[in-house]
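Hi,

Here is the structure I promised to pass on to you. Have a look at it first, then read my notes below.

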Amino acid sequence: MGASQSREGLELSDSDREDGNEETNKKEVKYEDVEEELQRSSERRQKTPSSVDEVEAKLRALKLKYGSSQKPNIKNAVKLYLHVNGNTPKAKWITSENLTTYSFLKSCSGNDDEEEEDDDEEEEDDDSWWFLKVGSKIRVRVSSETQLKTFGDQRRVDFVAQGVWALKFFSDEDYKIFVEKFQACLFENTYGFEATEANKLKVYGKDFIGWANPEVADDSMWEDAEESFSKSPNSATPVRANDLMEEFEEAADDGIKSLALGALENSFLVGDSGIQVVKNFSHGIQGKGIYVNIDNGNRDTRGAGSSLAYSTPKKALLMKAETNMLLMSPINEGRPHTSGLHQLDIETGKIVTEWKFGKDGVDISMRDITNDSKGAQLDPSGSTFLGLDDNRLCRWDMRDRNGMVQNLATSSAPVLNWAQGHQFSRGTNFQCFATTGDGSIVVGSLDGKIRLYSVNSMRQAKTAFPGLGSPITHVDVTYDGKWILGTTDSYLILICAIFTDKDGKTKTGFSGRMGNRISAPRLLKLTPLDSHLAGVDNKFRNAQFSWVTEDGKQERHLVATVGKFSVIWNFQQVKNGTHDCYRHQEGLKSCYCYKIVLKDDSIVDSRFMHEKFAVTDLPEAPLVIATPMKVSSLSISSRLRD
């Protein structure tokens, strides 16, 4: 689906989309257009009231049968609404239950169907979980997958539970009690023990207590960052349907498995049997008609005797001024680990050698590789790169220990030299990593922790952020090392790594210990409606900053993939703590101000081209979106950057 066809679908990013018409006592109510909604909606969207409060006001104005507005004398009483018709013109809220009750229940060990009512005498069970139950229609485990979104000004919460639902509370006190209990149950389900202040201190540590209690966190660094940029618009939905313009779409010669963007002349689409070479332009990427087949007949004879098996690469890493590419193929399907690499000479189209990973004479595996720094792929003399395994962080060198290039003709599968690094005893469970412009390293882990290592040492992290319990599946960092972006299945976490040391100097967590002046992170989420519309494959993947490789330049956008969605945030706006999106929220600030590009197939990757391909009237470089059989290039208008 091209951008011109999918622009209307981009309106899914409007958080007001979850507000709409209501059906009371099974009678559908027709409404007049509402001026505020008219301004925010496109010409194809049916105009509807923008909140449940407005729905109720109109119902009263129409003198429909309506229950008493007084608070019912029932514990945990709520009104239950259901969103229907997805993102079609007929989308609306309907009343599911005019009056019902909710409760938080704890399942018995090993049997989710057995539950105990929530009370102060609840028995502890290591294998039990908290569930939210609403009437007879909803029973869902309390987790980040519910995508709970709070509206304090409306005394309302929206969430996902095999559909998109809203609870409306009868008083501010009822609303606050629900939110506090939900957060307490979420903490216990995530960490395994009760949400007491002592346990929060145990999980986060005294330096990070602001992550558990954002209201006491030091946000001065976020505020300082805002001052360096012009203020964002006050609208929570500042972008419009024509902010993204698709320049062209390129058909792939083979099923695309990964995308390797170059900062020079070419980029590369890696497929099952080879690599398609495309040319970089200021308006995107376009095919050159060149395809490199990767099979036994196209490998240099110096590697013919290798025992390394070749399969579709999980990752392609450009090196040596983008004249060489390292291809990382998993050993077993479904697992990222590999025992070696294939090195492709792009100019000749040949696999010139097949490397093995080894340490102290023993073959080892790696789960990920990356360049030494953000701009290292542009270095023509580069011969080192970084490797990551579950409990290893290291630097590999393709030269021998005497500084000479290895004689590949005498070795069917030469072993890479472990040039620097550390093998941790156990428990780190590393998952992903990335580098800054100076070569500092950020590593994400299975337990949600994010560790920062200086360019000089891989043995001990300078800073270790506790995370929020969800595994970090991908991580990125800005060129200057000031901002870190972690990907989890259900949200993105944006961390400010800036702090002021005891001498008053501004530093990052890569170069020193941050102490207790640590800002609370911000979360980037889909609205419950968009999360539901994303379908069964609604997990975030590969969130990244736009691509900068020069001091003094600032990344402008963030992009992530969710199923058929490519989701774009304005970086400047996320940092602006005063915009409407953050008003009336509970807990960590969560940003829902994004734009969605909808494709007709699951997206393989979404990435911004190098900033050198930005032009004057379009100050952001094009966005490249790859699906298995197509690659699209989209330009972002100046309106999206503000």
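Which residues does D368 touch, not counting residues up to four places away in sequence? The list is K314, K315, M328, L386, G387, L388, C432 and F433, where contact means heavy atoms within 4.5 Å.

Before the rest, some ground rules. This is a predicted model, in which local features need pLDDT of at least 70 and side-chain atom pairs count only at pLDDT 80 or more, while totals for chains, interfaces and linings use all residues. Residues are numbered from 1 along each chain as its sequence is written, and side-chain values use heavy atoms, with hydrogens and water left out.

Back to D368. You'll find D368 in strand β22 (residues 368-370); strands are DSSP runs (E, at least two residues), numbered from the N terminus. D368 counts as buried because its relative accessible area is 7%, and buried means under 20% relative accessible area (1.4 Å probe, protein chains only). The side chain of D368 also makes a polar contact with the side chain of K315, at 3.0 Å. A polar contact is a pair of N or O atoms within 3.5 Å; within protein, one must be able to donate a hydrogen and the other to accept it, and residues adjacent in sequence count only if both atoms are side-chain atoms.

Next, R522 in strand β35 (residues 522-524). R522 is buried, because its relative accessibility is 3%. A polar atom of its side chain lies 2.9 Å from the backbone oxygen of K575.

Now for strand β10 (residues 164-169). Six of its six residues are buried, so β10 is largely enclosed by the rest of the structure. V164, A166 and K168 point one way, and W165, L167 and F169 point the other way. Strand β3 (residues 77-84) pairs with β10 in the antiparallel sense over six bridges; two strands pair if DSSP finds at least two bridges between them. Here V78 stands opposite F169. Strand β9 (residues 156-160) is also antiparallel to β10, joined by five bridges, and F159 stands opposite W165. The hairpin of β9 and β10 has three residues between the strands, and Q162 takes a positive phi near 55° there.

Last, there is an open sheet of four strands in the order β36-β37-β38-β40, with antiparallel pairing. Its edge strands are β36 (540-545) and β40 (594-598), each pairing on one side only. Four bridges join β36 to β37 (residues 557-562), and R541 has T561 in β37 as its bridge partner.

Cheers

Methods:
Buried means under 20% relative accessible area, exposed over 50%, partly exposed in between (1.4 Å probe, protein chains only).
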